[in-house]
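Subject: Structure handover

Hello,

I am passing on the structure we talked about. Please have it open while you read the notes below.

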Amino acid sequence: MSAHLDDRPRFADPDAAYRAIIEAHRGLSNEDSAALNAALVLILANQLGDQAALEEALALARASLPPR
Amino acid sequence: MNAAAPFAQFAYAPHHDQIAPAAAHHPVVIVGAGPVGLSLAIDLKLRGIDAVVLDDSDRIGDGSRAICFAKRTLEIFDRLGVAAPVLEKGVRWQVGRVFQADAELYRFDLLPEPGHKMPAFINLQQYYVEKMLIDRALALGVDLRWLNRVAGVEARDGETLLSIETPDGPYRLVAEHVVACDGSRSPLRAMLGLDFVGERFEDQFLIADVRMTADFPVERWFWFDPPFHAGRSCLLHKQPDNVWRIDLQLSPEADAEVERRPEKVRPRIERMLGHADFVLEWISIYRFQCRRLARFIHGGVIFAGDAAHQVSPFGARGANSGVQDADNLGWKLAATLRGEAGPALLDSYDAERSEAADENILNSTRATDFIAPRSKAELLFRDAALALARTQPFARRFVNSGRLSMPTAYTASALSTPDGDAWSGGLVPGAPIPDAPLVAPGGGPAFLSEALGQGFSLLWLGPGSPPRLPAGLTLVAVGEGPGQWRDANGELVRRFDLTSGAGYLLRPDGHVAARFRAATPARIAAALDKAMGR
């Protein structure tokens with residue numbers, strides 16, 4: 001576990017959570033999909049409400065990017 | 001490959017019904033001698049009901065169909081008397097590996113939970129299972145009629161008249177109940193003009209069975225975007241006899257006729273396996289569908305298995321859910337034919353198995369969407385989940401290459417008596433019960449699944465005197481008294497949240513009908529009436 005970020009599995013039904021995200025994108029253009037993601041990140045960051053945890057999440061996400 | 005020789009062949013034999021002056025009358029006619037129809041025929045036979053089974057073929061087909069049989073199905077097979085050969089021939093695996101591009105993302109080990117008679121699942125070619133079911137059905141004297149093709153169906157005076165074609169010409173049968181277990185292309189469904197509605201996936205999948213001569217670990221391997229098949233996915237799954245199932249995702253535009261050619265398939269599999277020591281046994285190409293009939297009962301015709309609902313194969317929910325349809329239907333048909341049931345009992349088959357079909361369609365749709373993302377946005381999320389899964393256990397739980405088939409809890413069943421007492425766990429009414437380890441009254445290890453009766457059972461925890469039961473119920477009294485079963489290691493009490501004097505009324509298909517902290521004869525009798533649709 002990271003110092004601030006809770007990275008344990010937290011959803012009782014992760015498939016349902018994943019599906020909800022996917023369905024929110026159904027029928028959107030790539031631009032609208034990207035805009036939805038940006039809005040969603042800001043909403044979830046506010047829900048997190050923890051600067052240190054947010055920065056750990058950002059570092060984890062960045063580390064997951066494929067090498068270019 | 002795709003050889004013409006059948007796995008097993010059976011002789012057509014004329015039946016005296018074919019020369020009877022009037023259409024012979026039967027309580028149940030089952031159309032289709034696949035795993036679903038055969039399971040139902042055996043179950044009915046064990047309940048004293050003679051069903052006729054009609055099949056338009058005279059052989060068990062070879063090739064790639066069901067391979068994964070889950071615990072619930074094995075428990076049903078055990079009750080039907082075919083689990084032993086299925087377990088003996090089937091292979092068990094517990095290590096899976098997930099790859100992305102050329103790297104292993106992670107591996108998992110499905111450690112089996114102790115205290116169950118049956119394993120979580122086994123892999124076995126469907127043709128073996130069918131042969132074992134046919135052997136069992138024939139040993140019990142089930143009336144199996146090969147090369148009997150149903151050509152017409154019509155309602156007549158509350159019963160159903162079937163027109164049947166045979167090598168000796170046509171004949172007719174009248175059935176109180178017809179059960180259509182005639183597969184995903186169900187001719188009976190077509191004859192009744194019923195809509196089969198749902199979703200069709202764009203991507204095509206190439207399904208190949210290969211026989212390998214080289215050693216290969218008994219594991220399930222799933223690749224996302226493998227180097228030998230860029231941008232797609234691939235599954236490798238073990239079957240007995242050194243046969244491996246390969247599911248390769250193709251593009252929506254791929255030309256099926258070109259893709260299925262051995263000269264096209266072989267090099268791809270060589271790169272996947274890293275060697276060429278294999279023989280192609282079977283190749284087919286599918287476009288998967290998730291769809292179902294809106295209702296499973298149409299007058300005197302009841303639909304079960306693929307004829308009623310169809311899913312993509314990820315999660316092994318086709319044959320497993322079909323056998324569970326048969327398990328749900330058998331005792332209800334038998335009780336209805338014996339005049340013991342109310343009309344609500346047979347109707348509950350539609351409600352309960354609809355809930356199961358919807359759950360199976362939901363699960364297999366989710367897995368198919370993860371494996372074959374439908375848009376750029378979906379692909380981004382899929383690849384992000386995979387990238388995080390290398391290091392993050394939470395992300396592994398989003399990775400979905402098929403969820404193991406589990407029996408459905410009938411949450412809204414009209415047969416269930418809602419809880420009136422406080423429970424801190426255990427199994428809610430409508431839920432499928434798990435097995436548990438017991439010690440038999442005479443000593444020696446046993447399982448709950450072996451203690452239950454063919455009809456309804458009461459699972460009751462002592463000490464004291466168990467309640468008096470209505471006729472026909474099996475009592476499984478757990479305690480220290482004579483003739484009582486003992487909880488082997490506390491698992492039974494834990495799994496069922498049992499306390500002294502508590503009882504579970506269990507249906508013949510192993511679902512909870514009702515449970516009481518104080519199981520009195522009056523409460524049990526009332527719950528039994530409800531569970532029989534009376």
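What follows is a list of findings, taken from a predicted model.

The interface

Start with the place where the two chains meet. On one side, 22 residues of chain B take part, and they are in contact with 21 residues of chain A. The size of an interface is often given as the accessible area lost when the parts come together. Here chain B and chain A bury about 1900 Å² between them. Carbon and sulfur atoms account for 59% of that area.

Which residues of chain B lose the most area to chain A? They are B:Arg366, B:Phe381 and B:Arg397, and together they make up 34% of what the chain B side buries.

Salt bridges

Over all chains, the search finds 46 salt bridges in the whole structure. Five salt bridges are found across the interface of chain B and chain A. Two pairs with one partner in each chain can be looked up directly:

- A:Arg26 and B:Asp369 meet through their side chains in a salt bridge, at 2.9 Å from N to O. A:Arg26 sits in the loop between helix H1 (14–25) and helix H2 (30–48) of chain A, while B:Asp369 belongs to helix H9 (residues 343–371) of chain B, so the pair joins two chains.
- A:Asp13 and B:Arg366 also form a salt bridge with their side chains, at 3.8 Å from N to O. B:Arg366 was named above among the residues of chain B that lose the most area to chain A.

Helix packing in chain B

Take H1(B) and H8(B) to begin with. The crossing is right-handed. From H1(B), the contact uses B:Pro35, B:Val36, B:Ser39, B:Leu40, B:Asp43 and B:Leu44. From H8(B), the residues in the contact include B:Val323, B:Ala326, B:Leu329 and B:Trp331. How do the residues of this contact between H1(B) and H8(B) divide? Ten are nonpolar, three are polar and one is charged.

H1(B) also packs against helix H4 of chain B (residues 126–140), where the axes come within 10 Å and cross at roughly 25°. H1(B) is therefore roughly parallel to H4(B) as well. In this pair the crossing is left-handed. H1(B) contributes B:Pro35, B:Leu38, B:Ser39, B:Ile42, B:Lys45 and B:Leu46, and among the residues from H4(B) are B:Glu130, B:Leu133, B:Ile134 and B:Arg136. The contact of H1(B) with H4(B) has eight nonpolar, two polar and three charged residues.

The contact is made by B:Arg72, B:Thr73, B:Ile76, B:Phe77 and B:Arg79 of H2(B), with B:Asn320, B:Val323, B:Gln324 and B:Asp327 on H8(B). These residues split into three nonpolar, three polar and three charged.

Loops of chain B

- B:Pro463 lies in the loop between strand E23 (457–461) and strand E24 (474–478).
- B:Leu147 is in the loop between strand E9 (143–145) and strand E10 (149–156). B:Leu147 is not a glycine, although its phi is positive, at about 55°.
- B:Leu194 is in the loop between helix H5 (187–191) and strand E13 (197–212). Leaving out residues up to four places away in sequence, B:Leu194 touches B:Arg189, B:Leu293, B:His298 and B:Phe303. B:His298 is 104 residues from B:Leu194 in sequence, and their C-alpha atoms are 9.3 Å apart in space.

Regards

Terms used:
Residues are numbered from 1 along each chain as its sequence is written. Chains are lettered from A and ligands numbered from 1 in the order in which they are written. This is a predicted model: local features need pLDDT of at least 70, side-chain atom pairs count only at pLDDT 80 or more; totals for chains, interfaces and linings use all residues. Side-chain values use heavy atoms; hydrogens and water are left out. Contact means heavy atoms within 4.5 Å. Helices (H or I, at least four residues) and strands (E, at least two) are DSSP runs, numbered from the N terminus. Ala, Val, Leu, Ile, Met, Phe, Trp, Tyr, Cys and Pro count as nonpolar, Asp, Glu, Lys and Arg as charged, and the others, Gly among them, as polar. Buried area is the accessible area (1.4 Å probe) that two parts lose on being put together, summed over both. A salt bridge is a side-chain nitrogen of Lys or Arg within 4 Å of a carboxyl oxygen of Asp or Glu. A crossing is left-handed if the near helix is turned anticlockwise from the far one by less than a right angle, and right-handed if clockwise. Axes are lines fitted to C-alpha atoms, for helices over the stretch in contact, and angles run from 0 to 180 degrees between N-to-C directions. Angles under 35 degrees count as roughly parallel, over 145 as roughly antiparallel, 65 to 115 as roughly perpendicular and the rest as oblique.
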